[in-house]
Amino acid sequence: MSKAKTDKVSPDLDTPSDLPQAAVDTISASLNTLLADAFALYLKTKNFHWHVSGRHFHDYHLLLDEQSEAIFATTDQLAERVRKLGGATLKSIGDIVKHQTIKDNDDDYVPPREMLRELMEDNKHMAAAMRKAHKLADDQEDSGTAGLLETFIDETERRTWFLFEASRQEGSNAA
């Protein structure tokens, strides 16, 4: 006998919140998508860190390691924010796959500049999704989530900027 899967929290984990349940559910769903994308982007960034090659190997290797650590550092805060609100968060890799919007890259080889460009686009995607989640939090008067996302948006924009600068063509403002 199987039980229908829901995103509802077990009564044993029910966390009180002054937000209406509909707001908790909506914000939690948005944050869970961000969390899934953070895990996907973390692993893609680590993958590229492990497989980068070429004349800029050292610089790119260090850049991608630094960025992957920053991305991973957001995961616990996102998940804990969902729980503080009284929501349920991701529980497995399969759950991540169901929620992620960042596409994986399983190619055997990706040229270094293409790695940086792909990660730049993924970070831009993350920043846009964070802005949407921020608006949702603002609309529900959830300043805790909004404040957390403001910091993460700034960090994501910084990663995007660094990836853009590192991937630019020499002597050109073109990407």
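**Pockets, a loop and the core**

The second largest pocket has a volume of about 230 Å³ in this predicted model. Select R55, H56, Y60, R113 and A166: of the 12 residues in its lining, these are the closest to the centre. Helices α4 and α5 each supply at least two residues of that lining. By class, the lining of this second largest pocket holds three nonpolar, five polar and four charged residues.

Next, select S53, in the loop between α1 and α2. The C-alpha atoms of S53 and P112 are separated by 6.6 Å, though the two residues are 59 apart along the chain.

Now go to the largest pocket, with a volume of about 270 Å³. Its lining has 13 residues, and F39, A40, L43, Q100 and D104 are the closest to the centre. Colour α1, which gives the most to this largest pocket's lining, with six residues. The lining of the largest pocket has seven nonpolar, three polar and three charged residues.

The last stop is the largest nonpolar core, of 37 residues, where L31, L34, L78, M130, L149 and L163 touch the most other members. Helices α1, α2, α4 and α5 each supply at least two residues of this core, and α1 gives the most, with 11. Finish on M130: not counting residues up to four places away in sequence, M130 touches L34, L149, F152, I153 and T156.

Terms used
Residues are numbered from 1 along each chain as its sequence is written. This is a predicted model: local features need pLDDT of at least 70, side-chain atom pairs count only at pLDDT 80 or more; totals for chains, interfaces and linings use all residues. Side-chain values use heavy atoms; hydrogens and water are left out. A nonpolar core is a set of buried Ala, Val, Leu, Ile, Met, Phe, Trp, Tyr and Cys residues joined through side-chain atoms within 4.5 Å. Buried means under 20% relative accessible area, exposed over 50%, partly exposed in between (1.4 Å probe, protein chains only). Helices (H or I, at least four residues) and strands (E, at least two) are DSSP runs, numbered from the N terminus. Contact means heavy atoms within 4.5 Å. On a 1 Å grid over the protein atoms alone, a cavity is a set of points where a 1.4 Å probe fits but cannot get out, and a pocket is an open set with protein on both sides within 12 Å along at least five of seven lines; lining residues have an atom within 4 Å of a point. Grid points are joined across faces, edges and corners, and a volume is the space filled by probe spheres set on the points. Ala, Val, Leu, Ile, Met, Phe, Trp, Tyr, Cys and Pro count as nonpolar, Asp, Glu, Lys and Arg as charged, and the others, Gly among them, as polar.
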